[in-house]
Every structure is written in structure tokens, then in C-alpha cells.
Amino acid sequence: MAGASKNSRTSVTTHKFVCPDCGGEIVMKTLFENGKLKNVAECQKCKRQERRPKDFN
């Protein structure tokens, strides 16, 4: 029996994070500081930065 390929069975879900203070959308950004790559989550409205989106709560 020929089934669907493995890649077609996987579903991609994206979660939209919202800042609890201002209601703006939180996006992940990669910064290059002191020779190292650093991932930070930043609110687009109030420019608040945290290490990951869950830290905003």
C-alpha cells in the first residue's frame, strides 16, 4: 500500500506570543555581540527584551 511520504504527514504549527504589558507581538531575534550569537525575544511595540518568549509572563 502506497502511503503519503513522511514529510507530508508532519504539520507545522506556529505559536504567536503576545506581550502581557502592551499587547504587542513578540518576535525572536539573533544578535551578534562580543563575537557570540545571542537569541533574544523582543516585543515589537515596547521594545522589551527577554531571553525567551515565556519570560515575559
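Q: Hi! What should I know about the model and its numbering before I start?
A: Residues are numbered from 1 along each chain as its sequence is written. The model is predicted, so local features need pLDDT of at least 70, side-chain atom pairs count only at pLDDT 80 or more, and totals for chains, interfaces and linings use all residues, while side-chain values use heavy atoms, with hydrogens and water left out.

Q: Great. What is the strand order in the open sheet?
A: The order is β1-β2-β3-β4, four strands with antiparallel pairing. Strands here are DSSP runs (E, at least two residues), numbered from the N terminus, and two strands pair if DSSP finds at least two bridges between them.

Q: Which are the edge strands?
A: β1 and β4 are the edge strands, as each pairs on one side only.

Q: How many bridges hold β2 and β3 in their pairing?
A: Eight bridges, in the antiparallel sense. One example is Lys29, which stands opposite Val40 in β3. The two strands form a hairpin with two residues between them, and Asn34 in that turn has a positive phi of about 55°.

Q: And what about β3 and β4, how many bridges there?
A: Two bridges, again antiparallel. Glu42 has Gln49 in β4 as its bridge partner. This hairpin has five residues between its strands, with Lys47 in the turn at a positive phi of about 60°.

Q: Changing topic: how many salt bridges are there?
A: Four. A salt bridge is a side-chain nitrogen of Lys or Arg within 4 Å of a carboxyl oxygen of Asp or Glu.

Q: Why would side chains pair up like that?
A: Side chains of opposite charge can pair when their charged atoms come close.

Q: Which residue pairs with Lys29 in a salt bridge?
A: Glu42, with the closest N and O atoms 2.6 Å apart. Lys29 sits in strand β2 and Glu42 in strand β3, so this pair ties together parts 13 residues apart in sequence.

Q: Is Glu42 buried or exposed?
A: Glu42 counts as buried because its relative accessibility is 10%. The cut-offs are under 20% relative accessible area for buried, over 50% for exposed, and partly exposed in between (1.4 Å probe, protein chains only). Lys29 is partly exposed, at 35%.

Q: What does Asp21 pair with?
A: Asp21 forms a salt bridge with Arg48, their closest N and O atoms being 2.7 Å apart. The pair links distant parts of the chain, 27 residues apart: Asp21 is in the loop between β1 (17-18) and β2 (25-33), and Arg48 is in the loop between β3 (36-43) and β4 (49-50). Asp21 is exposed at 59% relative accessibility, and Arg48 is partly exposed at 24%.

Q: Last one: which residues make up the largest nonpolar core?
A: Cys19, Ile26, Ala41, Cys43 and Phe56. A nonpolar core is a set of buried Ala, Val, Leu, Ile, Met, Phe, Trp, Tyr and Cys residues joined through side-chain atoms within 4.5 Å.
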